Amino acid sequence: MSKGTLFDKVWNAHTVKILPSGQTQLFIGLHLIHEVTSPQAFAMLRERGLKVLYPDRTVATVDHIVPTENQARPFADTLAEEMMQSLENSAKEYGIRFYNIGSGNQGIVHVIAPEQGLTQPGMTIACGDSHTSTHGAFGAIAFGIGTSQVRDVLASQTLALGKLKVRKIEVNGALPPGVYAKDVVLHIIRKLGVKGGVGYAYEYAGTTFAAMSMEERMTVCNMSIEGGARCGYINPDDVTFEYLKGRDFAPQGEDWEQAVTWWRSMASDADAEYDDIVRFDASEIEPTITWGITPGQGIGVSESIPTPDSLPEGDRAIAQEAYEYMQLSPGTPIKGTKVDVCFIGSCTNGRISDLREAAKVVQGHHVAPGVKAFVVPGSERVKVQAEAEGLDKIFEAAGFEWREAGCSMCLAMNPDKLQGDQISASSSNRNFKGRQGSSTGRTLLMSPAMVVAAAVNGKVSDIRELN
């Protein structure tokens with residue numbers, strides 16, 4: 001095994017050849033597909049008379065366009081129904097494993113692959129979705145790809161990619177009360193910028209990440225793309241192996257022991273060289289919220305919206321755009337900002353531990369009058385588990401709606417949309433203009449616990465003051 005970072009080791013192990021362009025032809029161990037970016041890719045295969053080379057390395061589900069209230073077929077949205085049928089037909093035609101609604105395994109693509117043990121250390125993973133970086137939490141190298149690249153992986157099981165530099169992001173220390181993995185990654189993006197990671201893979205290291213659960217690590221890696229990085233990962237350790245053991249697709253028996261030995265060997269060496277190293281102190285992070293129109297426009301809940309003169313000159317134009325779009329005034333506290341909609345879910349924060357924490361916080365409280373609040377489990381398995389634990393009843397008693405699994409109001413390619421210029425407290429990953437389904441809708445990103453605090457008070461609130 002070659003020495004160096006995990007990124008180098010995984011890249012080298014999957015290199016087929018160096019292409020004349022200088023790019024690497026990289027073998028992809030696992031290809032995840034969904035209903036939005038695959039229909040065109042399959043159409044391109046048919047046009048060229050190509051087959052899916054390794055159908056057993058492709059896994060399909062539906063998530064982006066599925067309704068979370070009424071999932072009766074055919075869907076009311078004819079385009080959504082067409083996309084569903086297209087994927088159903090393609091999966092059948094090419095012999096691809098497909099987790100449809102009602103299978104017990106359907107859900108957001110970046111939730112179902114880890115929970116089934118499909119995602120494993122040392123893998124290369126690709127999916128036609130930008131938040132594929134989630135899978136790096138397991139010590140995998142995972143890329144979001146475009147539709148033509150989805151076609152390439154289906155046809156050849158390889159991708160042509162330029163090799164990335166590696167930046168090590170170290171966070172050390174215990175997180176203060178009320179501070180979660182979401183706050184950590186929002187803090188990193190705030191400090192390094194939304195373009196800071198361009199050309200890099202991010203390796204998250206340090207005692208803070210070592211202490212996180214796998215689901216917390218997934219939250220961090222999920223948002224690597226929001227900081228401009230092509231992928232983000234955490235070295236596999238005992239926490240990783242404990243999570244994977246016994247899952248559907250995890251190795252069993254003697255194969256398990258061999259796998260763990262190999263997985264350990266893939267971790268970055270102590271003397272690995274990095275292109276850049278950045279360090280943060282966990283004690284300096286507080287509950288963090290975005291105020292603007294990029295994930296980098298974030299502040300601590302005790303802070304005020306930055307004034308133009310407090311920002312670097314290069315950030316002032318986008319800040320001005322954000323003030324106008326968000327209807328927020330520079331210099332005013334973010335705390336107390338009125339909210340209309342509160343959403344808990346997405347591939348960032350729709351896992352069982354997210355729902356448990358949110359339920360724990362909301363117990364004994366109720367959603368404020370005039371606020372629409374809802375919880376969308378990340379998968380059918382998460383939904384079943386949450387209901388077995390009675391979390392749905394806690395949410396409903398507090399005035400939250402309890403929904404079916406799907407992407408929901410993360411990108412709103414489904415009926416879950418903001419109306420007009422409503423402002424949303426959201427546990428999702430993007431606050432771009434119009435991201436949540438209305439061209440004038442406004443999004444504040446925050447942790448699920450902070451979404452609960454906002455829902456209960458009807459305004460941005462400090463989770464540390466709720467109970």
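Reply: The axes of α13 and α14 come within 10 Å and cross at roughly 35 degrees. This is a predicted model, in which local features need pLDDT of at least 70 and side-chain atom pairs count only at pLDDT 80 or more, while totals for chains, interfaces and linings use all residues. Residues are numbered from 1 along each chain as its sequence is written, and side-chain values use heavy atoms, with hydrogens and water left out.

Me: What makes α13 a helix, and what is meant by its axis?

Reply: Helices are DSSP runs of H or I with at least four residues, strands are runs of E with at least two, and both are numbered from the N terminus. α13 spans 352-362, so the run meets the helix definition. An axis is a line fitted to C-alpha atoms, for helices over the stretch in contact, and angles run from 0 to 180 degrees between N-to-C directions.

Me: Why is the crossing of α13 and α14 called right-handed?

Reply: A crossing is right-handed if the near helix is turned clockwise from the far one by less than a right angle, and left-handed if anticlockwise. The crossing of α13 and α14 falls in the right-handed class, and α13 also passes α16 in a right-handed crossing.

Me: Which residues make the contact of α13 with α14?

Reply: Ile352, Leu355 and Arg356 of α13 meet Val382, Gln385 and Ala386 of α14; contact means heavy atoms within 4.5 Å. By class, four are nonpolar, one is polar and one is charged.

Me: What makes α1 mostly covered?

Reply: Seven of the nine residues in α1 (6-14) are buried, among them Leu6, Phe7 and Trp11. Buried means under 20% relative accessible area, exposed over 50%, and partly exposed in between (1.4 Å probe, protein chains only).

Me: How many bridges join β18 to β19?

Reply: Four bridges join these parallel strands, and Ile423 has Arg442 in β19 as its bridge partner.

Conventions:
Nonpolar A, V, L, I, M, F, W, Y, C, P; charged D, E, K, R; others polar. Pairing = 2+ DSSP bridges.
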